[in-house]
Amino acid sequence: MSPLGASACAAFWIDSLSDGRYRTVILDNGPEFSGTALDAWAGQHGVRLHFIQPGKPVQNAFIESFNGKFRDECLNEHWFLTLQEAQVVIEAWRREYNEERTHSTIGDMTPMEFIHNHQHRTQAAQESTSLAVV
């Protein structure tokens, strides 16, 4: 772990969730995600915290896979000396992960391509339904 520490990394991550899109956050029982500061943040933002059972990572398997990649490819590769440095490095990794890297589980597309294609298909389906109703 970097000198910045798990709590500061968790604070940065939690801060990125503050835009109102999330109603529930599923968490493991790690020390970085427990405590009064996180409870207070959740209460202020109307977010429900759902903790998986201790020792049951399969209850949140998707994020466990992501966390492993994030830890191995980003956090373990850098020694953050400041919060700003952590923010820059993590944002660069996030952009590469979502905008440049293809993922086999979504048809060898980037997540951004997948979202764009899904939105396009949804819009086309809504338009064809609207035409059929007229």
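Let's start at Thr110, which touches Asn98, Glu99, Glu100, Arg101, Thr102 and His103, leaving out residues up to four places away in sequence; a contact here means heavy atoms within 4.5 Å. Thr110 sits in the loop between α4 and α5, and with a relative accessible area of 5% it is buried. On this scale, buried means under 20% relative accessible area, exposed over 50%, and partly exposed in between, using a 1.4 Å probe and protein chains only.

Before going further, a word on what you're looking at. This is a predicted model, in which local features need pLDDT of at least 70 and side-chain atom pairs count only at pLDDT 80 or more, while totals for chains, interfaces and linings use all residues. Residues are numbered from 1 along each chain as its sequence is written, and side-chain values use heavy atoms, with hydrogens and water left out.

Now the overall layout. The protein has 5 helices and 2 strands, and along the sequence they follow the pattern α-β-α-β-α-α-α. Helices (H or I, at least four residues) and strands (E, at least two) are DSSP runs, numbered from the N terminus. The protein has 134 residues, of which 25% count as buried. Take the contacts between residues at least 6 apart in sequence, and 41% of them join residues at least 24 apart.

Back in the loop between α4 and α5 (111-133), you'll also find Asp108. Its phi is near 55°, a positive value in a residue other than glycine. That's worth a glance, because most residues other than glycine have a negative phi. Asp108 is exposed, at a relative accessible area of 53%.

Next, the inside. The largest nonpolar core has 9 residues: Phe70, Cys74, Leu75, Phe80, Ala86, Val89, Ile90, Trp93 and Tyr97. A nonpolar core is a set of buried Ala, Val, Leu, Ile, Met, Phe, Trp, Tyr and Cys residues joined through side-chain atoms within 4.5 Å. Helix α4 (residues 83-100) supplies the largest share of this core, with 5 residues. There's also a second, separate core of 7 residues, with Val25, Leu27, Ala42 and Val47 among them.

Setting aside neighbours within four places in sequence, Val89 is in contact with Cys74, His78 and Phe80. Cys74 lies in the loop between α3 and α4 and is buried, with a relative accessible area of 1%. Beyond residues up to four places away in sequence, Cys74 touches Lys69, Val89, Ile90 and Trp93. Cys74 and Ile90 are 16 residues apart along the chain, with their C-alpha atoms separated by 7.0 Å.

What about the helices on either side of that loop? The axes of α3 (residues 61-73) and α4 come within 11 Å and cross at roughly 125°; axes are lines fitted to C-alpha atoms, for helices over the stretch in contact, and angles run from 0 to 180 degrees between N-to-C directions. That makes α3 oblique to α4, given that angles under 35 degrees count as roughly parallel, over 145 as roughly antiparallel, 65 to 115 as roughly perpendicular and the rest as oblique. On the α3 side Phe66, Lys69, Phe70 and Glu73 meet Ile90, Trp93 and Tyr97 of α4. By class, this contact has 5 nonpolar, no polar and 2 charged residues, where Ala, Val, Leu, Ile, Met, Phe, Trp, Tyr, Cys and Pro count as nonpolar, Asp, Glu, Lys and Arg as charged, and the others, Gly among them, as polar.

Last stop: Phe51, in strand β2 (residues 48-51). Phe51 counts as partly exposed at 31% relative accessibility. Phe51 and Asp28 are 23 residues apart in sequence, yet 5.5 Å apart in space, C-alpha to C-alpha.
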